[in-house]
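Hello,

I am handing over a structure for you to look at.

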Amino acid sequence: MRVLRRAASISIATGAYGVAFGVFAIDSGLSWLEALAFSAVVFTGSAQFAAAGVLGSGGTVSAAILAGALLNVRSLAFGVAMAPRMPRGWMKRALWSHLMIDESVAVATAEQELHLQRFGYLAGGLGVFALWNLATMLGATIAIDTSDFVSQIGLDATIPAAFLALLWPRLQSGQHRIAAAGALIAVAAVTWTPAGMPILLAAFGVVVGSAPAWRRSAS
Amino acid sequence: MTAAAWTVLGLGVSTYLLKAAGPILLGGRSLPPRLLSVAERLPAALLAALVVVTSMSEGSTLVLDARAVGLAAAAVALILRAPFLAVVFAAALTAAVVRHLA
């Protein structure tokens with residue numbers, strides 16, 4: 001089943017990266033339990049790296065929280081995209097929301113039918129959650145030198161590859177211009193904005209770029 | 001509590017609020033058509049931005065390194081209609097080989 005294969009693949013890819021987070025967290029001075037708490041409670045890879053990195057380089061708690069939260073404002077956009085696809089019921093939505101990550105939303109939105117979108121969201125979200133936390137535990141436990149370990153076996157290259165594979169169907173269904181605009185905005189913003197901003201600006205660019213289409217459809 | 005524990009708490013709460021705002025506040029209602037059209041476009045822009053940021057940036061500098069070569073290998077695999085896991089594996093293997101040769 002295609003959706004399950006995608007969910008499994010992206011879980012394995014991010015799980016592999018979770019090992020790196022576990023090691024990174026220990027290197028940044030976090031305890032074993034704090035590293036695990038990060039992955040279980042915060043549960044968004046890039047924000048965890050950012051926050052642990054700030055703490056490790058001597059930053060304050062508020063700087064660490066802001067760095068992570070800035071990276072996560074995109075979760076708000078993902079939530080808006082997922083809201084019409086989620087089941088009814090306040091409690092269910094509250095529980096499902098914890099799984100609102102790049103990977104689960106990407107697997108869900110790659111599907112056309114509602115039941116496959118929901119299944120993809122849960123399969124992607126729960127799969128990544130399980131492997132991400134196990135991998136963090138593994139990484140924190142072995143706590144060997146991160147950057148070398150990760151880059152030598154090419155694991156860091158799996159993340160953009162996974163995102164590209166998830167973007168691919170959209171490129172072929174006429175959204176290539178939107179994707180190109182998003183990529184260009186992100187590249188242009190990387191050098192002069194804090195981490196996380198390029199992705200937000202890409203999202204913002206799409207909102208602004210959609211305005212002319214509204215006016216046309218209204219007239 | 002340690003600084004890391006406060007960070008887990010603060011970032012955990014703020015992250016959850018960001019994740020849950022859309023689903024909880026919107027409830028079972030659907031969005032106005034304008035907002036829906038934006039929501040339909042957002043993933044493509046976000047995913048494309050994530051591709052370039054995770055492959056070509058190191059902090060706030062743009063770098064072209066083994067990750068970009070790995071990404072190119074992934075693109076080739078996608079053009080050849082390779083399955084998802086093969087795409088990801090091609091990227092990792094290519095990046096590892098490039099680093100080994102460099």
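The notes below go from the overall picture to single residues.

The model is predicted, with an ipTM of 0.82 and a pTM of 0.70. Chain A averages a pLDDT of 85, and 91% of its residues score at least 70. For chain B the mean pLDDT is 87, with 93% of the residues at 70 or more.

Chain A

Chain A has ten helices and zero strands. Of its 219 residues, 57% are buried. Taking the contacts in chain A between residues at least 6 apart in sequence, 69% join residues that are at least 24 apart.

One helix to look at is α7 of chain A, which covers residues 114-142 and has 29 residues. From its first C-alpha to its last it reaches 41 Å, close to the 42 Å expected at 1.5 Å a residue. A:T141 belongs to this helix. A:T141 counts as partly exposed because 14 other C-beta atoms lie within 10 Å of its own. In sequence A:T141 and A:W32 are 109 residues apart, yet their C-alpha atoms are 7.3 Å apart in space. Just after α7 of chain A comes A:A143, with a positive phi of about 40°.

Where the chains meet

How many residues of each chain are in contact with the other? The count is 84 residues of chain A and 65 residues of chain B. On the chain A side, helix α9 (residues 158-190) gives the largest share, 22 residues. By class, that side of chain A has 57 nonpolar, 18 polar and nine charged residues.

The largest nonpolar core has 112 residues. The members that touch the most other members are A:A165, B:A45, B:A48, B:A49, B:A74 and B:A91. Helix α9 of chain A supplies the largest share of this core, 16 residues.

Positive phi angles

Most residues other than glycine have a negative phi. Two further residues depart from this.

A:F43 is not a glycine, but its phi is positive, at about 50°. A:F43 sits in the loop between α2 and α3 (45-56) of chain A. Is A:F43 buried or exposed? A:F43 counts as buried, because it has 22 C-beta neighbours inside 10 Å and 20 or more are needed for that.

B:R81, also other than glycine, has a positive phi near 60°. B:R81 lies in the loop between α3 (66-79) and α4 (84-101) of chain B. B:R81 counts as exposed because it has 9 C-beta neighbours inside 10 Å, and a residue with 12 or fewer falls in that class.

Regards

Terms used: Residues numbered from 1 in each chain as written. Chains lettered and ligands numbered in written order. Predicted model: local features only at pLDDT ≥ 70, side-chain atom pairs only at ≥ 80, totals over all residues. Contact = placed C-beta atoms within 7 Å. Helix = DSSP H or I, 4+ residues; strand = E, 2+ residues; numbered from the N terminus. Nonpolar A, V, L, I, M, F, W, Y, C, P; charged D, E, K, R; others polar. pLDDT = per-residue confidence, 0-100. Expected span 1.5 Å × (residues − 1). Core = buried A, V, L, I, M, F, W, Y, C linked by C-beta atoms within 7 Å.
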